[in-house]
Structures are given as structure tokens and as C-alpha cells.
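Take a look at the model below. This report starts with a helix and a sheet, then turns to a single residue.

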Amino acid sequence: MTLRIDATEPQAHRPGRCAFVPGKKKQNTYQTTTISNSQGRTLWSGAARPGRMHDQKAVRTEGIAEQLRLHPKVKAEGYRGLANAFPDQVSGPPKKPKDDALLGEQHTWREQRRHQFSRRICVEHANAEHKQWRPLQRFLGRRELSPATHRAVAGLVSDRAAQRATHPRPSTELVPVNLQPADSPTSRNLRPARPNINSRPRRKSSWESPKRARTTRALQSRRVR
């Protein structure tokens, strides 16, 4: 199983120091790290810190990088810094080429980036599931209570996600192809049977309807009399 690591930035109501205002969002926020599986289920969420702190620094501060070192069999999709530190365990986003790079290199980078985003989209869904709860859309309480509130909501989300059915992933196993000639008797038996047009029931015309037949017989009987 490959873990997905990402961070989210819930907005806080009370203004504070510059440490809580990241340069990306320009708002008073605090950040948390979320780990999910390939099905988008929340496995762990925590490591609350000021919004200005970098995601990778928070991962190293909370000891997540040390857990990767202690468990070398664990695979993860994370940040570029973790991928450089653990190249056999963590895969990060591809390195962006220079502006004067060839078009082939830029196209290859875009394709690798698209595939990497498609593998990480499940953890984005897990973060979106957290923000469906009103306290995490915009936290209005005291800042020191935000980590406990986030952990409580993450626990409820994880319990609800554990009850969902597991979606089977499409298999990429190769299937043998029938290499028999087209005129062989075995290949004729494998062909789908064609519908027999003559076996379909013929639709009766209006002159053959029972009501028309009764009317015709009544007129004939009157003429005979």
C-alpha cells in the first residue's frame, strides 16, 4: 500500500502574528498534515502548526520522516524534499525543467506531473472531506483549541470512511488473444450468432385485425340475405 501525504490550511478567525499568515493564501491560517491511502480514506491527520511553516518542515518536526526511516518497506507519495531523502520509498513531483529547455523535456515534465497529480488526488479528496465540517471551514474559536478540534473531526471522518466499500482497481493483467484461424470450426463457434430475421413474428396489418374480420363477415351475411 502506498501512502499519500499532503497538507491543508483551514482559515482561522482571530488575527495573530506573521507566523500564521502564509505567503500563498494571505490569510490567518494554521496547517495540518493528512495521510490517506489510495482509496482516499483518512489514516492520520495532525501536526498542526502555524500557516507560514513549510509542509516538509512540519513533517520532519513531527517525526514522520523518522518513521519512514524506521519502516523502509513503506511507500509514499509526498514532497520533493522527502523524495530526495528517501528515493526508494517516497516519490515526489518531477523537477521542473528550465525555461530554455527543449519542447520534448517540457512535454515529458507535464506528462509526469499529470500522472503524479492523478496518484495524489485521493489525499486531496480526504482534505476536502474534512472541510465539509463547519468548524474546519473557518475556525471561530481560540487558536490553541484548533488542533484538538481538527483531530476530533479527522477521527469522525476516518470512522465514516472505514465503513465505505472498497472500490476495486482496474486490472492491468494481460489477457491471451485467440490466435486460431478465422475459418476453423472453433472460431466459428465463438462468433456471436446472427439474429434470424425470418423468425420474427409478422405484424398483422389493419385488414387482418379481428374487428375488421367481424365487420367483413357481417357485411357478407347481409348481402346473402
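## A helix across the sheet

Helix α4 (residues 103-130) lies across β1 (2-8), β3, β4, β5 (75-77) and β6. Its direction is about 55 degrees to β1. Axes are lines fitted to C-alpha atoms, for helices over the stretch in contact (heavy atoms within 4.5 Å). Angles run from 0 to 180 degrees between N-to-C directions. Helices (H or I, at least four residues) and strands (E, at least two) are DSSP runs, numbered from the N terminus.

This is a predicted model: local features need pLDDT of at least 70, side-chain atom pairs count only at pLDDT 80 or more, and totals for chains, interfaces and linings use all residues. Residues are numbered from 1 along each chain as its sequence is written, and side-chain values use heavy atoms, with hydrogens and water left out.

## The sheet

Five strands make an open, mixed sheet in the order β4-β3-β1-β5-β6. Its edge strands, β4 (42-50) and β6 (90-91), each pair on one side only. Two strands pair if DSSP finds at least two bridges between them.

β3 and β4 are antiparallel, with six bridges. Within β4, Gly 46 is the bridge partner of Thr 33. Helix α6 (residues 146-162) lies across β3 and β4, at about 165 degrees to β4.

## Thr 32

Thr 32 sits in strand β3 (residues 30-36). Is Thr 32 buried or exposed? Thr 32 is buried, because its relative accessible area is 1% and buried means under 20% (1.4 Å probe, protein chains only).

Beyond four places in sequence, the contacts of Thr 32 include Asp 6, Gly 46 and His 150.

Definitions and conventions
Buried means under 20% relative accessible area, exposed over 50%, partly exposed in between (1.4 Å probe, protein chains only).
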